[in-house]
Amino acid sequence: MTTNRRPMLALSASLALLSGCSSFGPVTSGTDDPCATLQSVVTDYTTGFDAYRGNGSSYAMVTLYRAKEQLIKGHCEIWEWGNGDAAYTCTVGAPNQEVATAMYQQANNQLSACLGENWQGTEAGRERDGRPAGEVTRYQNSGKAGPAVSLHRVQDRSQHSVYLYIGTPGRSPEPAN
């Protein structure tokens with residue numbers, strides 16, 4: 001798969017511009033080649049993201065590790081549950097729905113470009129208690145089995161966020177109904 005740094009660099013610049021007008025700081029990539037890092041993280045799924053685990057904190061049901069390679073600088077971590085399931089996640093808050101939607105659309109375009117043609121995205125709405133609660137794009141690799149990859153725009157009352165999930169399909173976040 002060919003890497004293309006230009007889309008993710010454009011994403012970082014776009015996110016920085018979008019968040020610059022709010023009290024939130026700029027959102028940038030923490031890696032020089034985000035597409036290559038994304039592809040490597042997806043590949044490292046089979047090891048539980050061992051190569052990307054930084055310092056960890058253990059809790060009753062999960063251990064959280066700071067990700068050594070940050071697809072979104074300062075916003076990524078690795079979750080490992082007691083049964084060996086693991087996920088690489090990045091979550092960014094947004095000041096309002098307009099910014100969250102723009103971040104989600106830009107990130108979705110870049111994620112699709114970086115994953116490549118073997119990955120197909122399916123978009124759906126999210127609901128919570130019968131009300132719209134954002135949107136999600138789930139990516140599947142037509143070439144082989146692998147991790148669940150999804151991008152979410154979450155709206156919960158007046159709070160907005162966008163997050164990336166790469167991990168165990170059984171742990172993949174589903175919208176609450």
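Predicted model: local features only at pLDDT ≥ 70, side-chain atom pairs only at ≥ 80, totals over all residues.

Modeller: Residues are numbered from 1 along each chain as its sequence is written, and side-chain values use heavy atoms, with hydrogens and water left out.

Colleague: What makes up the secondary structure of the protein?

Modeller: The protein has three helices and eight strands, arranged along the sequence as α-α-β-β-β-β-α-β-β-β-β. Helices (H or I, at least four residues) and strands (E, at least two) are DSSP runs, numbered from the N terminus.

Colleague: How many of the contacts in the protein join residues at least 24 apart?

Modeller: Among contacts between residues at least 6 apart in sequence, the share is 50%; a contact means heavy atoms within 4.5 Å. As for the surface, the accessible area comes to about 9500 Å², and carbon and sulfur atoms hold 46% of that.

Colleague: Why is Q105 called partly exposed?

Modeller: Buried means under 20% relative accessible area, exposed over 50%, and partly exposed in between (1.4 Å probe, protein chains only). Q105 has a relative accessible area of 45%, and is therefore partly exposed. Q105 belongs to helix α3, residues 97-115, and its C-alpha atom is separated by 9.7 Å from that of L151, 46 residues apart along the chain. Over the 177 residues of the protein, buried ones make up 46%.

Colleague: What makes R53 and E80 a salt bridge?

Modeller: The term requires a side-chain nitrogen of Lys or Arg within 4 Å of a carboxyl oxygen of Asp or Glu. For R53 and E80 the N to O distance is 3.2 Å, so the pair qualifies as a salt bridge. R53 lies in strand β1 (residues 53-58) and E80 in strand β3 (residues 76-81), so this pair ties together parts 27 residues apart in sequence. The structure holds four salt bridges, and D50, R53 and E80 are linked in a network of them.

Colleague: Are R53 and E80 buried or partly exposed?

Modeller: R53, at 14% relative accessible area, is buried, whereas E80, at 22%, is partly exposed.

Colleague: Which parts does the salt bridge of E135 and R153 tie together?

Modeller: Their side chains meet at 2.9 Å, N to O. E135 lies in strand β6 (residues 131-141) and R153 in strand β7 (residues 148-156), so the pair joins parts 18 residues apart in sequence. Both E135 and R153 are buried.

Colleague: Why is α2 described as roughly perpendicular to α3?

Modeller: Helix α2 (residues 34-43) packs against α3 at an angle of about 70°, with the axes 9 Å apart. That angle makes α2 roughly perpendicular to α3, since angles under 35 degrees count as roughly parallel, over 145 as roughly antiparallel, 65 to 115 as roughly perpendicular and the rest as oblique. The axes are lines fitted to C-alpha atoms, for helices over the stretch in contact, and angles run from 0 to 180 degrees between N-to-C directions.

Colleague: Which residues meet where α2 and α3 pack?

Modeller: C35, L38, Q39 and V42 in α2 meet L111, C114 and L115 in α3.

Conventions: Areas by Shrake-Rupley, 256 points an atom, 1.4 Å probe, with all protein chains shown as cover.
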